[in-house]
Amino acid sequence: MRRPLVIGNWKMNGSRHSSVELAKGVASRFDAIAQEVEAVVCPPDVFLADVALALGGSAVGLGAQNVSQFESGAYTGDVSASMLAELGCSYAIVGHSERRACYGETSSQVAAKFATAQRKGLAPILCVGETLADREANKTLAVIREQISAVVETVGLGALSSAIVAYEPVWAIGTGEVASPDQAQEVLAFIRTLLGEKADETRLIYGGSVSAENAAQLFEQEDIDGALVGGASLHAEQFMAICQMAEM
Ligand code: PEP
């Protein structure tokens, strides 16, 4: 039985004050509405400590939007997995398409980040997804296979079962153009076939313009175990509405 998981990626938004208020808003609603679903928020690193405090004793988990592939040392600007764990993170997003596109992160760097995060006790949230050009050229599954294989070659298949894989078509992120439930299901079912023996244990989630309006239909799909939510996670009510739908 895979526990539904909804993750909020706050990206580079908000202030210290608004992050604390948002965390309090999420925490105060969550315990009342959602028992069977797991919720995680990923604020900007500089607000992690404040958000951890604001979440207090609530069941809402904490994650980072990125993590260094290195454990420590002369890597100016990087934040290590141990530092994130020390601040209370249990998860770290690796390979978000914005990092692949804006900072040229390669699949092998993403695999190294995955390995370091896991070694230091963080559950990696591995993002994979095709661009619109890939989809139009019928390359969606080939792109996904390459992105997953790079990680499997580094950490082995077994390591994937305790991680999260998020299918995030690049064309759906921040565009309002959500993948159809069939499109998302097709790719997530394919990802499950790549995960070997423990595939049934691995939580696979969808991300890309998920909102309170479209989440329920997505969650009806067999291989969609939750969502990675960007824009809608910046509003406590909307994020909670999505969490509630994941539970049903
Ligand atoms: C994301 O940042 O991973 C994301 C899916 O964003 P949005 O929900 O805004 O499309």
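Modeller: The lining of the largest cavity has two nonpolar, four polar and two charged residues; here Ala, Val, Leu, Ile, Met, Phe, Trp, Tyr, Cys and Pro count as nonpolar, Asp, Glu, Lys and Arg as charged, and the others, Gly among them, as polar. The model is a predicted one, where local features need pLDDT of at least 70 and side-chain atom pairs pLDDT 80 or more, while totals for chains, interfaces and linings use all residues. Residues are numbered from 1 along each chain as its sequence is written, and side-chain values use heavy atoms, leaving out hydrogens and water.

There is one cavity of 30 Å³ or more, and the volume of the largest cavity is about 30 Å³. (On a 1 Å grid over the protein atoms alone, a cavity is a set of points where a 1.4 Å probe fits but cannot get out, a pocket is an open set with protein on both sides within 12 Å along at least five of seven lines, and lining residues have an atom within 4 Å of a point; a volume is the space filled by probe spheres set on points joined across faces, edges and corners.) Around this cavity you will find Gly95, Ser97, Arg100, Cys127, Val128, Gly129, Gln147 and Glu168. Two elements, helix 4 (97–103) and strand 5 (123–128), each give two or more residues to that lining; helices (H or I, at least four residues) and strands (E, at least two) are DSSP runs numbered from the N terminus.

Helix 4 also gives the most to the lining of the largest pocket, with four residues. That pocket has a volume of about 630 Å³, and of its 19 lining residues, Met12, Gln65, Asn66, Arg99 and Tyr103 lie nearest its centre. By class, its lining has eight nonpolar, six polar and five charged residues.

The second largest pocket holds about 220 Å³ of space. Sixteen residues line this pocket, with Gly174, Ser209, Val210, Gly230 and Gly231 closest to its centre. This is the space taken by the ligand (more than half of its atoms lie within 2 Å of the grid points).

An oxygen atom of the ligand is 2.8 Å from a side-chain N or O atom of His96, and a backbone N or O atom of Gly174 lies 2.6 Å from a ligand oxygen.

Definitions and conventions
Polar contact = N/O pair within 3.5 Å; in protein donor to acceptor, adjacent residues only side chain to side chain.
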